[in-house]
Every structure is written in structure tokens, then in C-alpha cells.
Amino acid sequence: MSKVNLQRLGETVFQSSDRVSAELLALTYGSTVKQLLVDYEEPDEVNKQLDQMGYNIGIRLIEDVIANSKIYTISSFVDSAEIVAKVAFKMYLGVVANTVDWNSDKTEFSLQFDDNPLTEFTELPDRYSDLWYANILCGIIRGAYEMVQMKVECKYTKCVLRGDDTNEIRIVLREMLLERPPLDDE
Amino acid sequence: MDRRRKSDGLGPKSTQSFSVLSQPLGNRREVSFSAYALLFSEIVQYSRKRVRSTTGLEEKLNDIGRRVGSRALELVAIREKVPTRSTKVLQILSFVFNPVWKFLFGKQPENLRKVSESESSYFIEERDPLVNTFVSVPEDYGSMNCAAFVAGIIAGVLESAGFPAKVHAYNANDSERTYPPMTLYTIEFSDEVMAREKRPGKRTMLNILFSVGVFMGTFALATNTDTLK
């Protein structure tokens with residue numbers, strides 16, 4: 001499917017779905033990050049926790065994506081990238097991302113987006129400059145990919161809260177998982 | 001208007017803090033409901049792992065909601081262009097009932113009522129709170145209601161407005177509908193609020209300013225990430 005079609009698909013699904021205020025999401029997410037900071041204190045630990053929380057969300061989110069977008073097969077990693085950027089981002093966050101900086105093997109790319117609804121009203125104090133505030137997105141992407149048999153590594157590389165001009169997440173394909181039969185067949 | 005942010009405002013990032021604070025507030029975007037529902041479910045899961053009882057879980061959700069509430073108050077007050085601060089209990093309650101709920105959830109609750117037995121208690125009834133849409137509570141959690149999060153939001157709004165109160169979410173014993181039951185938010189105002197209610201006149205305003213000042217101070221301490229108390 002072409003980029004334009006995917007973009008239109010994302011728009012249609014977003015318009016036809018139930019929506020809530022982005023500010024409610026931003027405030028709720030902010031309170032969650034604050035709670036994690038209170039519980040764990042170290043920004044690195046919080047980054048890990050956010051990634052784990054995102055992973056738990058991602059493994060369920062993928063079914064929602066497939067059901068609503070009716071994209072039942074993903075033919076390649078390259079195609080999946082466009083689906084994440086144009087369809088999934090639009091469906092959930094109402095913003096569209098761009099896939100940039102592909103490597104020669106086509107196994108790595110960066111997801112670039114200027115606008116992140118999660119970071120509305122937020123700024124990062126110096127003490128937490130190691131925190132990737134919206135790291136939950138990395139976990140979500142990782143979890144979703146795992147459910148479609150691709151093992152990826154997802155890391156934030158640029159964040160507007162840290163002073164960069166845009167937001168960027170680097171996604172690296174590690175391996176394609178094969179369907180494995182369950183360990184105990186009893 | 002002073003704004004609570006998760007930063008201390010000092011240090012080399014202060015130029016960035018000015019850009020966040022000076023952004024206009026007109027931007028009313030939307031995100032998908034599933035995104036919110038998924039995030040909320042994860043919040044509940046996370047909180048569940050860190051507590052040992054259902055009351056602990058409710059308290060945790062309440063705490064998370066409180067932070068949302070105090071920030072929501074400022075936003076809604078600016079947007080509603082409220083000319084004067086609410087000084088009476090009924091004023092602030094109808095503010096919560098109307099614009100705040102609309103801002104957060106896009107609808108209004110069913111009812112706002114006074115508890116006849118106690119003069120400091122009120123309750124708000126809501127059918128199908130937004131956050132409970134995809135939540136099912138297993139038997140062993142008893143009367144746990146995840147709308148404890150919303151109760152926290154209400155508590156946050158009330159405290160920031162100078163009306164400290166305890167807010168809990170309960171499942172009502174509803175004879176008309178058996179499932180899901182109506183959610184009741186019981187609001188119990190603290191003694192100083194009720195004492196203030198009884199006092200008429202200009203002194204009320206001074207008392208409000210004083211208590212708001214105290215609370216803003218304590219909130220500044222509480223929300224300032226320097227002091228994790």
C-alpha cells in the first residue's frame with residue numbers, strides 16, 4: 001500500500017474511532033511518569049519501567065491495530081515501518097510520523113515526529129535529563145512488533161524535552177521470529 | 001497565572017521552560033480512546049503489583065489522579081474565563097460537576113447530591129465512568145472501583161481550589177440496574193472548609209487566600225521534584 005493510502009487509512013480509522021481529550025492523556029501520562037520517578041528515583045530505572053509498561057501495552061495494541069485497520073498481513077519490515085508511522089501513530093496519537101534514515105540493509109530506520117501529545121505541558125528538570133519521557137512508546141513498538149514475529153530494539157534518540165528540535169525513535173530489526181510450537185505439547 | 005510544572009524553573013534549561021509556559025492554550029487535540037484505555041489499564045496493573053491490598057490500590061490510583069486534578073483545575077479555569085474564584089462549597093462543586101468533567105471526559109455526571117446525615121459530605125453519581133469502560137473487577141477484589149483514579153482527580157481539583165476534601169469512589173447499590181452499578185464519588189470536606197463556609201463576608205476571602213497560599217506552598221513542595229515527600 002502506498003504511503004498516501006496508508007495515511008488516508010490512518011485518518012479514516014482515527015476519525016471513526018471514539019476519542020478523548022489529548023490533554024487528559026497528557027496529564028494522566030505525566031502523573032504516571034511522576035509516580036514512577038517517586039517509586040524508582042533513578043531516571044534509568046524509570047526508562048526501563050516505561051519500556052516494560054509499553055511492552056505490555058504493545059502486545060495488546062497490535063490486535064487493535066489489525067482489527068481496526070484491517071491490515072492482516074505485513075509483507076516486510078519496510079512495509080511495517082510505514083504502517084507504524086502513518087497508520088498506528090495516527091490511530092492512537094492523532095499525529096503522523098516519518099520514516100527516515102534507513103540503513104543499506106533496510107533493517108534499521110528512525111521514526112521522526114515533531115508533535116508528541118504525551119509531552120504536552122511538560123518540561124524536564126536538569127536532574128532528570130537522562131530520562132526519555134515518552135519511552136513508553138519504545139516499549140509499545142517493541143511489544144507490537146514481537147506479536148508479528150519481529151524482534152526489534154527500540155530506542156529514543158531525540159526528544160524535544162531534551163532540547164532537540166524533533167522527536168526520533170530508532171528501530172532496529174534484530175531477528176525475524178519463527179513460529180515455534182509450544183514447549184510442552186501435552 | 002502561575003503554572004505547576006515538573007521542573008524547578010532554574011538552571012540552564014530555563015530558556016526551554018519559558019517556551020513551554022508561553023505556549024497558547026487553545027490547542028484542543030484528541031487522541032483515540034483505546035490509547036487512553038490501554039494506558040489506564042497499564043497504570044492499574046503497575047499499581048496492583050506494588051500494593052498489598054485493595055485499599056492500597058485505591059490509594060495509589062487516588063494519588064495519581066490527584067496530580068491530574070490540580071493541573072486540570074488551572075487549565076479549565078483559564079479556559080472557562082471564570083471571573084471570580086469559587087469561595088463556596090456549592091460553587092466549586094458545580095464547577096467540578098460541569099466544566100471540569102466536560103473537559104476531562106466530554107460528558108457530565110448524572111447527579112450531584114448532598115448527604116443528609118452529614119453537613120460536610122456530598123456525592124456525585126456517575127453512570128459508566130470513562131476509565132471503567134474496559135475494566136472488569138474479579139471477585140477477590142471485592143468492591144474495588146478503578147474510578148478511584150477519578151476520585152483522585154476530584155480531590156486534586158478541590159484541594160488546589162482551596163477546598164481540601166477526601167474523595168472516594170464506591171459502587172452504588174442500585175436497584176434499577178444490577179450491572180454495572182452506578183459509581184458514587186463521596187466528597188467529604190475537611191473541617192476548616194466547613195468552618196469557613198459558616199463564616200460570612202470579607203473575612204472568607206482572606207481565609208481562602210490564606211489557605212490557598214498554604215496549599216500552593218505545600219503543593220509547590222510536593223510537586224517540586226526536589227523534595228520527594
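**Basis.** I worked from a predicted model, in which local features need pLDDT of at least 70 and side-chain atom pairs count only at pLDDT 80 or more, while totals for chains, interfaces and linings use all residues. Residues are numbered from 1 along each chain as its sequence is written, chains are lettered from A in the order in which they are written, and side-chain values use heavy atoms, without hydrogens and water.

**Helix pair.** I looked up α2(A), residues 22–40, and α3(A), residues 43–69; helices are DSSP runs (H or I, at least four residues), numbered from the N terminus. Their axes come within 9 Å and cross at roughly 130°; axes are lines fitted to C-alpha atoms over the stretch in contact, and angles run from 0 to 180 degrees between N-to-C directions. The two helices are therefore oblique to each other (under 35 degrees is roughly parallel, over 145 roughly antiparallel, 65 to 115 roughly perpendicular, and the rest oblique).

I then listed the contacts (heavy atoms within 4.5 Å). Residues of α2(A), including Tyr29(A), Val33(A) and Tyr40(A), meet residues of α3(A), including Val46(A), Leu50(A) and Met53(A).

**Chains A and B.** I found 51 residues of chain A in contact with 47 residues of chain B. The chains bury about 4600 Å² between them, 58% of it on carbon and sulfur atoms; buried area is the accessible area (1.4 Å probe) lost on being put together, summed over both parts.

I noted 6 salt bridges between the chains (a side-chain nitrogen of Lys or Arg within 4 Å of a carboxyl oxygen of Asp or Glu). One of these salt bridges joins Arg19(A) and Glu30(B), at 2.8 Å from N to O.

Conventions. Buried area = accessible area lost by both parts, 1.4 Å probe.
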